[in-house]
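Here are my notes on this model, point by point. Please read them alongside the structure.

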Number of protein chains: 2
Amino acid sequence: MADINVSPAQRRTTSGTAAAGAEPTGRDPAYELIELMFFAYRDFVGDPDHVLERYQFGRAHHRVLHFVFRHPEIRVADLLDILKITKQSLARVLKELVEQGFILQKEGQVDRRQRLLAVTEKGRALALELAKLQTERFARAIAQSGTTRDQAVRFLYAMIDPEGREDVTRMITQADRALQRGKER
Amino acid sequence: MADINVSPAQRRTTSGTAAAGAEPTGRDPAYELIELMFFAYRDFVGDPDHVLERYQFGRAHHRVLHFVFRHPEIRVADLLDILKITKQSLARVLKELVEQGFILQKEGQVDRRQRLLAVTEKGRALALELAKLQTERFARAIAQSGTTRDQAVRFLYAMIDPEGREDVTRMITQADRALQRGKER
DNA sequence: ACATTTATGTCAGCCATGTTGACATATTCG
DNA sequence: CGAATATGTCAACATGGCTGACATAAATGT
């Protein structure tokens, strides 16, 4: 309650469309938003970064751990598809996560070529710890900015390429359901 | 007007505080927001990435070019301070930007140890092109999400570490003024 | 005036994480 | 059975961070 910050927006009078004598070549660049996005993301990933140092892990490990946590028994190919990296890149970090006991691989039951990935209890704990850090940042940001959670969701969603939105939506709801099933069991 | 998208938020009923029989260890992780932020940022930097390929530049070049564009005659030390990288890292990309005529360095008038950095006309053009791509993404996101620009600004601002906010605010307003002076001249 | 500090540059090497290309293995499928 | 698929692995390379050490020129303090 104490921390309603003075935001840069309060110093602004106009926004967007140039009223001054500029060329009519589209709209004014939104430098403020661009830079805020840059710094916001930097801090957003900064929290987990610090924790991951404990295990000599980097952001790549975080991403793998997070999405494996969110998609228990995910196939390697699907994980690659989410991360949009090559299997060689994945192999390096995945190897370390497996060796240190955060993730385990098991042979697929229906298709034995598959190496299904899932987090161990240790992996779950770390993934949760990192997610909570980021969740708290969002909670603070939402509260302090006077936005609603849904506004933030809609805004970030709309920042994604239109072609990719459907996939992301599907992915998220699917993960939510999978995690829900895990809890019930 | 045609493109009011169906956002993931519309499928949700509750949000945040767990009503189910979970442990009262803080709030539910905001996986949706976390992942949306990840994909939003990926696409946000993706646009410039494609353009930069033309010059064999990467994101590092983009960041340098952008902040030099925004802070004409910036000192090397100040640029390092904004980017939070080492001078050795900066040197590599800066060298290429100078060699290819996007940025020029001039000796400081008052303190001749300084190498003040500024974009050339070519550099300005590229920086503007990239900024416009990102601006369009924001404009779309704001329009389609039914947020206001100020809401977005306040939200992103509040995502930044509290300790860093003042600096960011100061930096942005200062850059705005510098750019304004440049226009008037 | 001279010693110190400051602003910047540079060399060398390391690390993390991405890439491509080629090839191996096991399994499934038509 | 042969082709396609899922995965793993080896080797080499690119990018962009990092540390440490050292060099130079200019400013600054006593």
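1. Which polar backbone atom is 2.9 Å from a phosphate oxygen of DNA strand C? That atom belongs to B:A77. The model is predicted, so to speak, with cut-offs: local features need pLDDT of at least 70, side-chain atom pairs count only at pLDDT 80 or more, and totals for chains, interfaces and linings use all residues. Residues are numbered from 1 along each chain as its sequence is written, chains are lettered from A and ligands numbered from 1 in the order written, and side-chain values use heavy atoms, without hydrogens and water.

2. Two side chains of chain A reach base oxygens of DNA strand C. For A:Q88, a side-chain N or O atom is 2.6 Å from a base oxygen. For A:R113, a polar side-chain atom lies 3.3 Å from one.

3. There are 24 residues around DNA strand C (a heavy atom within 4 Å). A:Q88, A:S89, A:R92, B:K87 and B:R113 come nearest.

4. Helix 4 (87-99) of chain A and helices 3 (76-83) and 4 (87-99) of chain B each supply at least two. Helices here are DSSP runs of H or I, at least four residues; strands are runs of E, at least two, both numbered from the N terminus.

5. A:I103 stands opposite A:V119.

Methods. Polar contact = N/O pair within 3.5 Å; in protein donor to acceptor, adjacent residues only side chain to side chain. Pairing = 2+ DSSP bridges.
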